[in-house]
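Subject: The structure for you to look at

Hello,

Here is the structure I promised to pass on. Please open it beside this message and read along.

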Amino acid sequence: KTPERKCVVTGEMRPKKELIRVVRNKEGEVFVDPTGKQNGRGAYVIGSLEVIEQAEQTNALSRALNTEIDPSIYKELRKLVGQEQ
């Protein structure tokens, strides 16, 4: 049985490996966690450009992590899915 997580944008349950984790740690820093093992509150996003764009427009990550999300985080997410603009 593979561990599943819910995407904060679409609400879909997917295997953890298909999702990208974004973390807010105790110091309030927000960063992308490709390993999925960093300490802190995590929010998962499906690794597709459309979903990342939607997350940016709807502030889904800000709500899930209770903090402001720097635009560089979205840039890093796009780089991870290979769609850097």
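Below is what turned up, from the whole chain down to the pocket.

First, the ground rules: this is a predicted model, in which local features need pLDDT of at least 70 and side-chain atom pairs count only at pLDDT 80 or more, while totals for chains, interfaces and linings use all residues. Residues are numbered from 1 along each chain as its sequence is written, and side-chain values use heavy atoms, with hydrogens and water left out.

The chain has three helices and five strands, in the sequence pattern β-β-β-β-β-α-α-α. Both are DSSP runs numbered from the N terminus (helices: H or I, at least four residues; strands: E, at least two). The radius of gyration is 12 Å, which agrees with the value near 12 Å for a compact globule of 85 residues; it is taken over C-alpha atoms, and the globule rule is 2.2 Å times the number of residues to the power 0.38. The C-alpha atoms fill a box of roughly 35 × 30 × 20 Å along the principal axes.

Now the sheet. Three strands form an open, antiparallel sheet in the order β4-β3-β5, where pairing requires at least two DSSP bridges between two strands. β4 (30-33) and β5 (41-46) are at the edges with a single partner strand each, so one side of each has no neighbour in the sheet. From one strand to the next, the twist averages 30 degrees.

β3 (residues 19-24) is joined to β5 by six bridges, with V23 opposite G42. Four bridges link β3 and β4, and there R21 faces D33. These two strands make a hairpin with five residues between them, and G28 in the turn has a positive phi of about 90 degrees.

Helix α3 (residues 71-80) lies across β3 and β4, at about 10 degrees to β4. Axes are lines fitted to C-alpha atoms (for helices, over the stretch in contact), with angles from 0 to 180 degrees between N-to-C directions; contact means heavy atoms within 4.5 Å.

What lines the largest pocket, by class? Its lining has seven nonpolar, three polar and five charged residues (Ala, Val, Leu, Ile, Met, Phe, Trp, Tyr, Cys and Pro are nonpolar; Asp, Glu, Lys and Arg charged; the others, Gly among them, polar). β3 gives the largest share, three residues.

Best wishes
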